[in-house]
Amino acid sequence: MNYRKLGKTGFEISEISLGTWQIGGKWGSDFSDKTAEKTINTAIDKGINFIDTADVYEAGLSEAAVGRVVRSRSERIYVATKCGRQINPHTAENYTPEALTGYVEESLKRTGFEALDLIQLHCPPTDVYYRPEIFETFQKLKDQGKILHFGVSVEKVEEALKAIEYDNVETVQIIFNLFRQRPSELFFQQAKKKDIGIIARVPLASGLLTGKFDKDASFDKEDHRNFNRNGEAFDKGETFSGIDFDRGLKAVEELKKLFPEVQNLAPIALQWILKFPEVSCTIPGASKEEQLLSNLSIYDRTELSSEKIKEMNKIYDEYLKQDIHHRW
């Protein structure tokens, strides 16, 4: 495992870390504490020391499982959680200092931690980024010792750029992968200047970049890859990185031609992300131990050549950029 600095936090974290949106079972299935705890323990055994969760993942069960496992281990494991998506209706005016403070208190209880290593606003509406009192709330929580560091999880580059104007924002979690390349332009430049930790989320484009799907792929009715392809429930960009599924499959087929000997493209997609030194870590999810080990097989591969990277980027330019690049 390799480690990188998480911006101004000073944390030295595993470049491949663990996202827990689907921990304990695939999207749409029942949550299994046993599966979740086994996966998290294996991650730590393999050198992962940064875990990202949220209060809304499995209605708090994910956050609680992370807390139980981390408290049972002797290693220093950094935990990032998120708040705000419980707000219903999820509108900017419903973001209040009182509500957000309450969510932090609840996360502390669920995890059993004395302080949260990193709390992140969880993809709030764009208008929230223009409300200084919301960001001041987290400074007060830090002063009270309830949180150590503060960051944001965003949908759009515009939101990321606005967020880092606030001095107490130390990290930005943003969708970044081979099929979502815009963040590597202006945002990465500005984040580097301000020593912002960048957490690359949705690194496999909701599984599309594993290369395991075809046009007949089906998903559970409670799986966002089934019900949110056009943004019916939340931002369309969360699902397959906002890409039309059929168009994405065509791009993946081209990617397979570049790596004809490879059965699982996930490690290659992760390698592409980690070629960017501005990225502190990426957080592929794992619903079970096998998926975690698949992601970590990145270390069994030789490095991507500059020629391969050029060819990968060419696929994005030809198949996806026109539809995707300007939107997020």
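The radius of gyration is taken over C-alpha atoms, and the globule rule for it is 2.2 Å times the number of residues to the power 0.38. I started there because, for 328 residues, a compact globule would have a radius near 20 Å, and the protein agrees with its 19 Å.

**Ground rules**

I am reading a predicted model, in which local features need pLDDT of at least 70 and side-chain atom pairs count only at pLDDT 80 or more, while totals for chains, interfaces and linings use all residues. Residues are numbered from 1 along each chain as its sequence is written, and side-chain values use heavy atoms, leaving out hydrogens and water.

**The whole protein**

I looked up the box filled by the C-alpha atoms and found roughly 55 × 40 × 40 Å along the principal axes. For secondary structure I noted 12 helices and 10 strands; helices (H or I, at least four residues) and strands (E, at least two) are DSSP runs, numbered from the N terminus. Of the 328 residues, 57% count as buried. Here buried means under 20% relative accessible area, exposed means over 50%, and partly exposed is in between (1.4 Å probe, protein chains only).

In what order do the eight strands of the open sheet run? I wrote down 3-4-5-6-7-8-9-10, with parallel pairing. The edges are strand 3 (18-19) and strand 10 (279-282), each of which pairs on one side only. Two strands pair if DSSP finds at least two bridges between them, and strand 3 joins strand 4 (residues 50-52) over two bridges, in the parallel sense. Opposite aspartate 52 of strand 4 I found glycine 19. I also saw helix 9 (residues 266-274) packing on the sheet, where it touches strand 9 (197-201) and strand 10. Its direction makes about 165 degrees with that of strand 10; axes are lines fitted to C-alpha atoms, for helices over the stretch in contact, and angles run from 0 to 180 degrees between N-to-C directions.

**Salt bridges**

How many salt bridges does a search of the whole structure find? My page says 21, counting a side-chain nitrogen of Lys or Arg within 4 Å of a carboxyl oxygen of Asp or Glu.

I checked lysine 82 and aspartate 52, whose closest N and O atoms are 2.5 Å apart. Lysine 82 lies in strand 5 (residues 78-83) and aspartate 52 in strand 4, so this pair ties together parts that are 30 residues apart in sequence. Both residues are buried.

Next I took arginine 68 and glutamate 37, with a closest N to O distance of 2.8 Å. Arginine 68 is in helix 2 (residues 61-72) and glutamate 37 in helix 1 (residues 33-45), so parts 31 residues apart in sequence are tied together. Arginine 68 is partly exposed at 32%, and glutamate 37 is partly exposed at 26%.

My last pair was glutamate 253 and lysine 256, at 3.4 Å from N to O. Both lie in helix 8 (residues 245-258), three residues apart, about one turn of the helix. Glutamate 253 is partly exposed at 38%, and so is lysine 256 at 28%. I then noted that salt bridges with shared partners join Asp33, Glu37 and Arg68 into one network.

I found alanine 191 in helix 6 (residues 186-193). Is alanine 191 buried or exposed? It counts as buried, because its relative accessibility is 1%. Leaving out residues up to four places away in sequence, alanine 191 touches Ile164, Ile196 and Ile198, where contact means heavy atoms within 4.5 Å.
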